[in-house]
Amino acid sequence: MFVQKSSYENAIARYCDTPDTLELLRQHRPYLEAIPSLRRPDDSLILLPFPLVRLRESLSQRGLSGLDIRAGETVCLPCELGIIMCEPDWQVKVGVEIFILIHRPQEDFSDLLLRWRQTQVLLDRGYEWVMPYRYRHIYSEAAQRIFPLFVLFEETPQHIKRGLEGASLPYVVEPSPVQESEFEEELFSTESPTL
């Protein structure tokens, strides 16, 4: 069974919203604990869909990825979402950065893992974020540490889950849209109490 494109697109759209991203991070406690203020998540998390970074050094790599990037060039990271932690009062970037990689339709384990590895390679030699206008005032240098979180679906093949477990990489499984619609039907099909 393959991941549906609509499931993938819905997941991207959902995680562009802070409350939904917060719920995602709740499923992996170490990442939740990295958030500077749970009382002020809108000021503590900067969400960057399909994030852009400007590399400080040239990068030339032969092999699978075939990268050839000049210093100062801007690249789009091969992940769906970058999460930057921000100190809410001082509005400065702190701590770790988390990269969300959502299992794409027709993507196999090696392709998914290579996207994370390519993200690591791109960020290894120094970078700065290309920040949206709203966050232009935030110092956007490289993080102390970067971490992945993989988002899988119920229809994701079992070998991908086993592979991520074997590589000690964290993942969460999205509920299937069928379960959500069944829950909504159940919620709205209850009879109204008679007065």
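The legends below describe close-up views of a predicted model. Residues are numbered from 1 along each chain as its sequence is written. In this predicted model, local features need pLDDT of at least 70, side-chain atom pairs count only at pLDDT 80 or more, and totals for chains, interfaces and linings use all residues, while side-chain values use heavy atoms, with hydrogens and water left out.

**Figure 1. Overall make-up of the protein.** The protein has seven helices and ten strands; helices (H or I, at least four residues) and strands (E, at least two) are DSSP runs, numbered from the N terminus. Of its 195 residues, 42% count as buried, where buried means under 20% relative accessible area, exposed over 50%, and partly exposed in between (1.4 Å probe, protein chains only). The accessible surface comes to about 11200 Å², and carbon and sulfur atoms account for 51% of that surface. Accessible areas come from the Shrake-Rupley method with a 1.4 Å probe, and for residues only the protein chains shown count as cover. Among contacts (heavy atoms within 4.5 Å) between residues at least 6 apart in sequence, 65% join residues at least 24 apart.

**Figure 2. The largest nonpolar core and L122.** A nonpolar core is a set of buried Ala, Val, Leu, Ile, Met, Phe, Trp, Tyr and Cys residues joined through side-chain atoms within 4.5 Å. The largest has 30 residues, and I46, V53, L77, L122, W129, M131 and L164 touch the most other members. Helix 5 (residues 109-123) gives the most to this core, with six residues. Leaving out residues up to four places away in sequence, L122 touches L55, L59, L67, I69, V75, L77 and P78. Another core, of 24 residues, lies apart from it, with Y15, L47, V96 and I100 among its members.

**Figure 3. Salt bridge between E174 and R14.** A salt bridge is a side-chain nitrogen of Lys or Arg within 4 Å of a carboxyl oxygen of Asp or Glu, and the whole structure holds twelve. The side chains of E174 and R14 form one, at 1.9 Å from N to O. This pair links distant parts of the chain, with E174 in strand 10 (residues 171-174) and R14 in helix 1 (residues 5-14), 160 residues apart. E174 is buried at a relative accessible area of 5%, whereas R14 is partly exposed at 25%.

**Figure 4. Salt bridge between E23 and R26.** The closest N and O atoms of E23 and R26 are 3.0 Å apart. Both residues belong to helix 2 (residues 18-26), where a spacing of three residues separates them by about one helical turn. E23 is partly exposed at 42% relative accessibility, and R26 is partly exposed at 41%.

**Figure 5. Salt bridge between R40 and D89.** The side chains of R40 and D89 meet at 2.6 Å, N to O. R40 is in the loop between helix 3 (29-32) and helix 4 (41-44), and D89 is in the loop between strand 6 (81-87) and strand 7 (92-102), 49 residues apart. R40 is partly exposed, with a relative accessible area of 32%, while D89 counts as exposed at 56%.

Figure 6. Most residues other than glycine have a negative phi. Phi of F50 is positive, near 45°. F50 lies in the loop between strand 1 (45-49) and strand 2 (52-55) and is partly exposed at 35% relative accessibility. S168, also not a glycine, has a positive phi of about 55°. The loop between helix 6 (158-166) and strand 10 holds S168, which is exposed, with a relative accessible area of 63%.
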